[in-house]
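Here's a quick briefing to read with the model open on your screen. Take a look at the sequence and the fold, then work through the points below.

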Amino acid sequence: MRLSSPPDCWTFLWTVLLFNAMGCIQSIRCKPKSFRDSIVILELNATIDSNPTSIDETSGVVLRYRTPHFRANARILVPPVAAKETWTIGWIQACNHMEFFNTYGDKGMSSWELPDLRDGKIQAISDSDGVNYPWYGNTTETCTVIGPTKKDSKFVVSMNDNFYPSVTWGVPVSDSNVPQLSSIFRDQSFTTWLVAINQATSETLVLQTIRWRMRLDIKVDPEKPLGQRAVLKEPVAQEQPQILGKNEPIPPNAMVKPNANDAQVLMWRPKTGDPVVVIPPKY
């Protein structure tokens with residue numbers, strides 16, 4: 001013999017189940033994904049242009065060269081931000097290693113140096129523009145999302161970097177402009193991070209890490225006529241950047257002053273005698 005449940009029992013059971021289900025839905029809505037979990041990198045590219053370093057000998061005072069550009073860009077999606085918070089997303093870059101020697105025959109060499117990095121006191125130094133710390137720049141390099149927002153935010157952040165220095169033909173500590181420059185060697189390594197920073201709390205989220213390197217070796221014959229002295233040796237084409245599968249933390253010095261441009265020192269290191277500071281740091 002089958003016993004049927006009273007209608008009131010079924011009504012009560014249905015009410016409890018419905019209440020619990022609605023409670024779960026409401027709970028999910030009340031706890032939206034964190035910014036860390038919701039931000040999406042739709043596309044990311046990092047390259048170094050394929051053209052070789054170009055050399056300019058039009059000046060009788062300095063040799064100039066221009067390296068290919070490192071370029072990084074990312075297309076970002078930020079779903080609606082429920083909280084009243086402001087996030088800046090963009091690029092932060094630091095120099096990890098620098099060798100930059102200009103040799104003047106048997107006289108000696110000049111070298112741009114980052115003393116704390118050279119001496120192993122720090123792991124890296126900021127490569128910010130010197131104004132918008134810690135960011136590389138604040139035009140195409142960053143974008144700011146101000147919550148709360150009701151719609152998805154899509155944007156692109158991009159940056160580029162290259163070297164375009166001038167090197168004197170003559171010994172930098174001499175009053176003479178007699179050409180004695182015989183070679184230029186440069187090898188620099190950088191780490192570039194795609195980062196989101198909460199402007200109120202300073203919470204920092206590393207979204208992607210890129211490593212890249214720029215090298216050049218130029219041989220110079222100072223005896224030849226202007227315009228025919230310098231020849232680019234290896235490498236003609238640069239190694240392409242590495243987009244790391246596992247993110248690396250940002251060293252503290254990469255986030256604060258001084259930046260590499262302000263911290264660098266131009267030294268003259270003669271074959272005999274003591275080194276001389278030609279250009280001191282700016283900070």
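A residue is called buried here when its relative accessible area is under 20%, and exposed when that figure is over 50%, with partly exposed in between. On that scale, buried residues make up 41% of the protein's 283 residues. Keep in mind that this is a predicted model.

**Overall build**

- If you count up the secondary structure, you get 16 strands and four helices.
- Take the contacts between residues at least 6 apart in sequence: 74% of them join residues at least 24 apart.

**The largest pocket**

- Rolling a probe the size of a water molecule over the atoms shows where empty space is left.
- The largest pocket comes out at a volume of about 430 Å³.
- It is lined by 23 residues, and those closest to its centre are Asp127, Asn162, Phe163, Arg186 and Asn261.
- Which elements give at least two residues each to this lining? They include strands β5 (86–104), β9 (153–161) and β11 (183–198), along with helix α4 (260–263).
- Sorted by class, the lining holds eleven nonpolar residues, eight polar ones and four charged ones.

**Ser153, a residue in β9**

- Ser153 sits in strand β9.
- Is Ser153 buried or exposed? Its relative accessibility is 17%, so Ser153 counts as buried, the cut-off being under 20%.
- Setting aside neighbours within four places in sequence, Ser153 touches Ile76, Leu77, Val78 and Val145.

**Cysteines**

- A disulfide is a covalent bond between the sulfur atoms of two cysteines.
- How many disulfides does the model have? The count is zero, going by sulfur atoms within 2.5 Å.
- Cys95 counts as buried because its relative accessibility is 0%.
- Cys143, at 22% relative accessibility, counts as partly exposed.

**Glu223, a loop residue**

- Glu223 belongs to the loop that runs between β12 (204–220) and β13 (230–232).
- With a relative accessibility of 71%, Glu223 counts as exposed, since exposed means over 50%.
- Glu223 and Leu181 are 42 residues apart in sequence, and their C-alpha atoms are 9.8 Å apart in space.

Terms used. Residues are numbered from 1 along each chain as its sequence is written. This is a predicted model: local features need pLDDT of at least 70, side-chain atom pairs count only at pLDDT 80 or more; totals for chains, interfaces and linings use all residues. Side-chain values use heavy atoms; hydrogens and water are left out. Buried means under 20% relative accessible area, exposed over 50%, partly exposed in between (1.4 Å probe, protein chains only). Contact means heavy atoms within 4.5 Å. On a 1 Å grid over the protein atoms alone, a cavity is a set of points where a 1.4 Å probe fits but cannot get out, and a pocket is an open set with protein on both sides within 12 Å along at least five of seven lines; lining residues have an atom within 4 Å of a point. Grid points are joined across faces, edges and corners, and a volume is the space filled by probe spheres set on the points. Ala, Val, Leu, Ile, Met, Phe, Trp, Tyr, Cys and Pro count as nonpolar, Asp, Glu, Lys and Arg as charged, and the others, Gly among them, as polar.
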